[in-house]
Amino acid sequence: MNSEEQRQRAITAFSNFLHTPLETLLQEHLNTDNSAAVALFHDMAATVPAYKDFLAHQGVNPHEYQNLEDFQRLPQLTKENYLLRYPLADLCRHGQLQTCDMIAVSSGSTGKPTFWPRFFADEMQIASRFEQVFHDSFYADTRRTLAVICFTLGTWVGGMYTTNCCRYLASKGYPITVVTPGNNKEEIFRVVQELGSAFEQVVLLGYPPFLKDIIDTGIARGIEWQRYQIKLVMAGEVFSEEWRSLVGERVGSQNPCYDSVSLYGTADSGVLGNETPLSICIRRFLSENPQAARALFGESRLPSLVQYDPVSRFFEVIDGTLLFSGDNGIPLVRYNILDTGGIISYDAMLQFLAKWSFNPVAELQEMGGRGIRGLPFVYIFGRSNFTVSYFGANIYPENVTVGLEQPVIREWVTGKFVLQVQEDADKNRFLSVVVELAPGVEESEDKKQAITSSILTQLKRLNSEFANYVPSEYQIPQVALAPTGDAEYFPAGVKHRYTRK
């Protein structure tokens, strides 16, 4: 690809983004077949050296794969069999790393950095996801909006990507102004307090635990978040609806379906899907009706639930694992990111909810009606190597989290804990939960008993395996309370793991 082709690619992508209304884009994509995924495959087979070699080793002749049925016979890509086997340039079109204008970095479970090249044009698809969020949830086409980027800046994938996409919305005419304090808490407080009152709303964009810490620390310092009409955009972690309600209350949120949004994003391919007012409305109903959630998802925990654009990112499900295909600096076809979950069509979702006498569309129409789009749903449990098995019941950290988010208890704790199954001196197993106390909170027997009772209540409510498999005399968890930053369980500066084997 020469420099003129590169220039035209950028001009075309930006022009299409600027001149295509969101409504038109999404409507066009609703009426599509699945030809975009097949077209991406043929483009990769023709232009990406690594993929050509991969297909040759798999005995795949691209000319024999012409429709969706053929496409679904293609071998899966994984980090191990594809991304780690080839030089970075060979994973890009024409074997030219210079066809990408930016490289981001992610750090996986090994801690070894992975590099993700991308080009300006790739970000336009992701900018449309941000437009969907800011338009449908925050009405940012009509409200002066300060977007405060609280993701880590530098080479890491989230901060710069998010910053760029918000600036593209401003270029499109949205009255959005971007400020980038990153994860510097003092700078976040300063920009919100000094700039926030000049705008009709302030959007904080960051990881959920970090944003909660910002909000709680701000309250302790006397910041009146209600003054700024705070909205939240989050990514990176599954959280409960109790968590959404708790954080919403603390910033003065009036409508949970429209005041916060979580993105389903990966370093590999940007934003794959996003929460919408509709998906949040549905998830809140399912949170209050665990039997319905289990009937829909087949598990005793609530996954993230988002909607996605099937042209931008094409999903499949194989044995309960999500595969996606999407264009990027490193284009990917049938890529297995190791997330467990599933897909549900828009019509199938509404039909299922009707059987439980719930109509989310009618509820949203009473709130103003934005965010009702007939896009398909994808649900994500994440890479759940983080369950513990207890009397044959799978115990999920998400079940314990809800117990810590109940009134009063949530004032005592940070939300972090370590869940594990241990044995006593007689080799009897018991469920251990070590809970981190909030700064300045003293341990007491009353607090320990209240936390134990709350965790037990939510485990029995949310997890039918726990309620039915575990004998009642073994159901009561043994709770220990640890101070903030405890070196053994909650060391500072280390990514927290909620379970131990």
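In this predicted model, helix α1 (residues 3–19) and helix α7 (residues 120–137) have axes that come within 8 Å. They cross at roughly 10°. Angles under 35 degrees count as roughly parallel, and α1 and α7 are therefore roughly parallel to each other. Their crossing is right-handed. From α1, the contact uses Arg9, Ala10, Ala13, Phe14 and Phe17. From α7 come Phe120, Ala121, Asp122, Met124, Ala127, Ser128 and Glu131. Sorted by class, the residues of this contact are eight nonpolar, one polar and three charged.

Now turn to another pair. Helix α11 (residues 241–251) packs with helix α13 (residues 277–288) at an angle of about 115°. Their axes are 9 Å apart. This angle makes α11 roughly perpendicular to α13. On α11, the contact residues are Glu241, Glu242, Arg244 and Ser245. On α13, they are Ile280, Arg283, Arg284 and Ser287. The contact of α11 with α13 has five charged residues, two polar and one nonpolar.

Which residues of helix α4 (residues 49–57) are buried? They are Ala50, Tyr51, Phe54 and Leu55. Look down the axis of α4: its buried residues fall within an arc of 130°, so they line one face of the helix. What covers the buried residues of α4 includes α3 (35–47), α6 (79–83) and β12 (332–344). On the other side of α4, Ala56 and His57 are exposed. After α4 comes glycine 59. The phi of this glycine is positive, near 70°.

Terms used: Residues numbered from 1 in each chain as written. Predicted model: local features only at pLDDT ≥ 70, side-chain atom pairs only at ≥ 80, totals over all residues. Heavy atoms only, no water. Axes fitted to C-alpha atoms, helices over the stretch in contact; angles between N-to-C directions. Helix = DSSP H or I, 4+ residues; strand = E, 2+ residues; numbered from the N terminus. Parallel < 35°, antiparallel > 145°, perpendicular 65-115°, else oblique. Left-handed = near helix turned anticlockwise from the far one by under 90°. Contact = heavy atoms within 4.5 Å. Nonpolar A, V, L, I, M, F, W, Y, C, P; charged D, E, K, R; others polar. Buried < 20%, exposed > 50% of the residue type's maximum accessible area, 1.4 Å probe, protein only. Arc of directions from axis to C-beta.
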